[in-house]
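Q: I would like to go through the labels on this model and ask what each one rests on.

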Amino acid sequence: LRQQAITALTSTSTTEETRAWHSEYLGRKGRLTGILRSVGAVSPEERPRIGKLANEIKTALEEALQERQTAIEQAELEAARNKELIDVTLPGRPQTLGKMHPSTRTLREIADIFATMGFLVYDSPEVETDEYNFQLLNMPPGHPARDLWDTFYTTTPDVVLRTHTSPGQIHAMRQYAPEPIRIILPGKCYRYEQVTARSESMFYQVEGLAVGKNITFSDLKGTFMNYASQMYGEGRKMRFRKHYFPFTEPSVEVDIDCVICGGKGCNICKYTGWLEILGAGMVNPRVLEYGGYDPAEYSGFAFGLGPDRMTMQKYDINDIRYFFSNDVRFLERIG
Ligand code: PHE
């Protein structure tokens with residue numbers, strides 16, 4: 001029996017098999033257990049010898065089992081380790097860190113500056129009707145000033161991609177009238193233009209609008225002076241040039257002395273010493289009316305600034321087309 005049991009044990013190779021082996025020989029109904037139980041039936045002279053022998057076999061089998069079991073566990077562990085092999089000496093893979101797009105950074109910076117003056121951020125749609133993009137901004141169908149914007153029309157009549165963020169003024173006024181307003185409206189605009197290093201058909205604008213009682217042109221000036229000193233540092237010079245927009249009267253374009261050359265003249269400012277940063281003016285009374293305000297009581301100023309060129313200056317980007325070309329090397333280069 002001992003020999004038989006040992007041979008059987010050698011051929012086990014898994015924990016389940018050694019368990020089965022244990023119950024066959026050493027278990028409660030096992031073969032050796034049967035012999036041990038029947039020791040009582042042999043003659044008293046034979047009993048000690050048989051009993052001793054049986055106990056020896058039991059101990060031997062238990063030891064053999066222990067040994068076998070340890071070997072099997074070792075093998076099983078080894079197999080598991082090979083299956084999920086990890087080489088701890090391999091060098092790590094470099095982790096790349098995400099970065100905010102430079103346009104987004106500038107937009108947030110602008111929003112933060114205007115927030116110090118109490119301007120909220122207002123969202124308005126990128127796809128507009130002809131009515132909002134033009135008519136309610138004092139440009140009825142056929143108005144020649146529409147030619148100031150090269151418009152993307154869609155296959156749906158009267159639906160256009162907004163050419164500027166100004167239609168958002170109307171959305172905001174219609175929502176808030178007759179409450180006073182102080183908001184900026186950042187977002188993408190679209191123009192059907194030749195794409196060059198300086199202009200893209202999709203670009204950002206940040207519109208601004210303040211409506212209330214007794215708002216004057218000097219509020220507009222003060223707001224820009226404050227904005228420019230926060231954006232570019234104290235003591236910037238500003239220049240207001242008269243201009244024309246159908247939705248503001250009077251209208252201006254605003255320049256600051258060139259940040260790069262300090263007003264001496266360089267290629268960034270086309271050797272004029274001045275950088276144009278925005279178009280602005282006092283909200284045209286008719287536009288106030290369309291927005292739901294009585295122009296006899298209310299006035300306001302509006303402006304539209306182009307953050308893309310500011311971003312280009314700030315990060316020394318010489319081609320606007322990088323912004324949306326989705327080349328990750330561009331983002332990696334921006335510090
Ligand atoms: N919407 C004008 C543009 O795109 C800018 C502007 C906004 C001018 C608000 C005046 C007031 O050129």
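Q: In which helix is Glu73 found?
A: Glu73 is found in helix α4. Helices are DSSP runs (H or I, at least four residues), numbered from the N terminus. The model is predicted, so local features need pLDDT of at least 70, side-chain atom pairs count only at pLDDT 80 or more, and totals for chains, interfaces and linings use all residues. Residues are numbered from 1 along each chain as its sequence is written, and side-chain values use heavy atoms, with hydrogens and water left out.

Q: Why is Glu73 called partly exposed?
A: Its relative accessible area is 44%. Buried means under 20%, exposed over 50%, and partly exposed lies in between (1.4 Å probe, protein chains only). Glu73 is therefore partly exposed.

Q: Why is the pair of Phe114 and Phe119 called edge-to-face?
A: Their ring centres are 5.3 Å apart and their planes meet at 75 degrees. Rings of Phe, Tyr and Trp (its six-membered ring) pair if their centres lie within 6.5 Å; planes under 30 degrees apart count as stacked, over 60 as edge-to-face, the rest as tilted. So the pair is edge-to-face.

Q: What makes the pair of Phe245 and Phe247 stacked?
A: The planes are 25 degrees apart, with 5.7 Å centre to centre.

Q: Why does Phe114 count as buried?
A: Phe114 has 0% relative accessibility, so the label is buried. Phe119, at 6%, also counts as buried.

Q: Why does Phe245 count as buried?
A: Its relative accessibility is 15%, so Phe245 is buried. Phe247 is buried too, at 7%.

Notes. Helix = DSSP H or I, 4+ residues; strand = E, 2+ residues; numbered from the N terminus.
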